[in-house]
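Student: I would like to learn how to read backbone and contact features in a model. Please take me through a few.

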Amino acid sequence: MRLAPGSDVPARQLTPVIGPPVPVPDPGHLVHLQFRRFAGCPICNLHLRSIVRRHDEIEAAGIREVVVFHSSAEELREHVDGLPFPVVGDPRKRLYAEFGVESARRALLAPRAWGTVLRAVTRGTWDILRRRERAPRLLPDGGRFGLPADFLIGSDGRIVAAGYGEHAYDQWTVDELLALAAQAPAPGRKAAR
């Protein structure tokens, strides 16, 4: 079941691979809850680089990034060094199910994804050869066909915006995220129903 803007997100503490628990919702920030694929996924890494490059801008807009992978904390630990935001492992895909995030073969088979897949695999392989990245497991937790999803959650626990990917590289850009945040109620104020 997919969630829509206005849906309530129950309050919880997510446990990241590194660092203290993360409140979702966050009373002082919007939360951009990203669902990605598996630890070391070259397509996810390509996207997360764009988030890292503009992280200061994202924070200045009052947004807290939280990224979820369907990998174990142990598997993720090898891949999260230097990321300026919490990364959460969900190998049993409980959060994925709760938020309606799916897996499908179209993740990699959609022609719109092929150019990005090629670019991501080429760059990822180059980084692995130069020992800047670690290779993903051959058989990652949760498989290789995960679809991405993005949620912007207000401080009141309501979803401000939701995006479900149709293929592996179908997620919000930083510009789209910032535009959605600009339209959201300020943290601490309740959204109109």
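Student: Where does Lys93 lie?

Tutor: Helices (H or I, at least four residues) and strands (E, at least two) are DSSP runs, numbered from the N terminus. Lys93 is in the loop between strand 5 (87-89) and helix 4 (94-99). This is a predicted model: local features need pLDDT of at least 70, side-chain atom pairs count only at pLDDT 80 or more, and totals for chains, interfaces and linings use all residues. Residues are numbered from 1 along each chain as its sequence is written, and side-chain values use heavy atoms, with hydrogens and water left out.

Student: How should I read backbone angles?

Tutor: Most residues other than glycine have a negative phi, and most peptide bonds are trans. Lys93 has a positive phi near 60°. A cis peptide bond, with omega about 0°, joins Val24 and Pro25; Pro25 sits in the loop between strand 2 (22-24) and strand 3 (30-35).

Student: Is Pro5 buried or exposed?

Tutor: Buried means under 20% relative accessible area, exposed over 50%, partly exposed in between (1.4 Å probe, protein chains only). Pro5 has 55% relative accessibility, so Pro5 counts as exposed. Lys93, at 22%, is partly exposed.

Student: Which residues does Pro5 touch, not counting residues up to four places away in sequence?

Tutor: Contact means heavy atoms within 4.5 Å. Pro5 touches Ile159, Val160, Ala161 and Ala162.

Student: How many bridges join strand 6 to strand 7?

Tutor: Two strands pair if DSSP finds at least two bridges between them. Here five bridges join strand 6 (residues 149-153) to strand 7 (residues 159-164), and the strands run antiparallel. Leu152 stands opposite Ala161 in strand 7.
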